[in-house]
Amino acid sequence: KVSKLRSRGVTPKVVNIGINPDKRAEIYIRLKDRIATQIGITYEYHDLTNKSQEECLQHVAELAKDNSVHG
């Protein structure tokens, strides 16, 4: 599916959002990044630690409007 999308000029992009990730979450984040790279998906991790609830909600709303983000 990724190859088909890329052949149409679409690079799938996934954004992972975290707040105060623990050691297990950090491993998960690195693993997702590695796998996404292997299969041709753009992966971003956004750490919202120390952000207010309002800032977090605003960030999520901005990502929802971003057409380059697919998941």
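Predicted model: local features only at pLDDT ≥ 70, side-chain atom pairs only at ≥ 80, totals over all residues.

Colleague: Is N20 buried or exposed?

Modeller: N20 is exposed, because its relative accessible area is 56%. N20 is placed in the loop between β1 and α2; helices (H or I, at least four residues) and strands (E, at least two) are DSSP runs, numbered from the N terminus.

Colleague: What is the phi of N20?

Modeller: N20 is not a glycine, yet its phi is positive, at about 50°. Most residues other than glycine have a negative phi.

Colleague: And where does N50 lie?

Modeller: N50 lies in the loop between β2 and α3. Its phi is also positive, near 70°, in a residue other than glycine. N50 counts as exposed, at 77% relative accessibility.

Colleague: How confident is the predictor in the chain?

Modeller: The mean pLDDT, which is the predictor's confidence in each residue from 0 to 100, is 95 for the chain, and 100% of the residues reach 70 or more. Confidence is lowest in helix α1 (residues 2-7), with a mean of 90, and highest in helix α3 (residues 53-65), at 97.

Colleague: Turning to charges, how many salt bridges are there?

Modeller: There are two, a salt bridge being a side-chain nitrogen of Lys or Arg within 4 Å of a carboxyl oxygen of Asp or Glu. One joins E44 to K13, with the closest N and O atoms 3.2 Å apart. Because E44 belongs to strand β2 (residues 42-47) and K13 to strand β1 (residues 13-18), this pair ties together parts that are 31 residues apart in sequence.

Colleague: Is K13 buried or exposed?

Modeller: K13 counts as buried, at 12% relative accessibility, whereas E44 is partly exposed at 27%.

Colleague: Which residue pairs with R24?

Modeller: R24 forms a salt bridge with D22, and their closest N and O atoms are 3.3 Å apart. R24 is exposed, with a relative accessible area of 66%, and D22 is partly exposed at 36%.

Colleague: Which residues make up the largest nonpolar core?

Modeller: That core has five residues: V2, I29, A36, I41 and Y43. Such a core is a set of buried Ala, Val, Leu, Ile, Met, Phe, Trp, Tyr and Cys residues joined through side-chain atoms within 4.5 Å.

Colleague: What does I41 touch?

Modeller: Not counting residues up to four places away in sequence, I41 touches V2, P12, K13, V14 and A36; contact means heavy atoms within 4.5 Å.

Colleague: How many Å separate the C-alpha atoms of C56 and K1?

Modeller: They are separated by 31 Å, and the two residues are 55 residues apart along the chain.

Definitions and conventions
Residues numbered from 1 in each chain as written. Heavy atoms only, no water. Buried < 20%, exposed > 50% of the residue type's maximum accessible area, 1.4 Å probe, protein only.
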